[in-house]
Amino acid sequence: MEPIAEAAGVARTTVHRRFASRQALIEALAESAVRQLAEAVEDGRPDTAPPLVSLHRITANVLRIKGAWSYALSRPDDEGGTAAAGWEQVGARCLELLGRAQDEGLLDASVDLEWTRRVYYALIGEALHGPQAQQDPDALATLVVDTLLHGAGRRSGAN
């Protein structure tokens, strides 16, 4: 807790007064991070923007948030906690957007959306931790969305 207090520019006792334990502090960080993640998703207008535009914007937003909050977002969920509820909300919004993308023909009608969501999350994780992680979040979002929608196979018209 001492390094945290030092980084925040407050006395260690101030941190201890606010958070009963290190675990309570970590849970508060996770709740804040997941709340910001949910706001980043909503900022992408998943209900109203064209699905491709929304998917790109949300991906770039998520890359920014997850990059800044990697520790708090990598912690295991506290079953029934605020962070877990936030993760459920984000997951549901993602499935809704992927459903819109499927309705618009961006995804095959027979694709399993839950599996697609898991692949999408994995692509985001690779973008954050791979060799290209220092790229601009918009460029990484383009890479993630393009890979999600088109895979690594040969593009039609390519030689």
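**Close-up views of a predicted model**

View 1. Buried residues of helix 3 include Leu25, Ile26, Val34, Leu37 and Val41. Just after helix 3, arginine 45 takes a positive phi of about 50°.

**View 2. The largest nonpolar core has 28 residues.** Leu55, Leu63, Tyr120 and Ile124 have the most contacts inside this core. Helices 3, 4, 6, 7 and 8 each supply at least two of its residues. What does leucine 55 touch, not counting residues up to four places away in sequence? Its contacts are Leu97, Tyr120, Val145, Leu148 and Leu149. In soluble globular proteins, nonpolar side chains tend to be buried together.

**View 3. Arginine 93 pairs with glutamate 42 and with glutamate 96.** The salt bridge to glutamate 42 is 2.7 Å, N to O. That pair links distant parts of the chain, helix 6 and helix 3, 51 residues apart. The salt bridge to glutamate 96 is 2.4 Å, N to O. Glutamate 96 and arginine 93 both lie in helix 6, about one turn apart. Shared partners join Glu42, Asp47, Arg93 and Glu96 into one network. Is arginine 93 buried or exposed? Arginine 93 counts as buried, because its relative accessibility is 13%, under the 20% limit. Glutamate 42, at 33%, is partly exposed.

**View 4. A salt bridge joins arginine 64 and aspartate 138.** Their closest N and O atoms are 3.3 Å apart. Arginine 64 sits in helix 4 and aspartate 138 in helix 8, 74 residues apart. Arginine 64 is partly exposed at 37% relative accessibility. Aspartate 138 is partly exposed at 33%.

Technical notes. Residues numbered from 1 in each chain as written. Predicted model: local features only at pLDDT ≥ 70, side-chain atom pairs only at ≥ 80, totals over all residues. Heavy atoms only, no water. Core = buried A, V, L, I, M, F, W, Y, C linked by side-chain atoms within 4.5 Å. Buried < 20%, exposed > 50% of the residue type's maximum accessible area, 1.4 Å probe, protein only. Helix = DSSP H or I, 4+ residues; strand = E, 2+ residues; numbered from the N terminus. Contact = heavy atoms within 4.5 Å. Salt bridge = Lys/Arg side-chain N within 4 Å of Asp/Glu carboxyl O.
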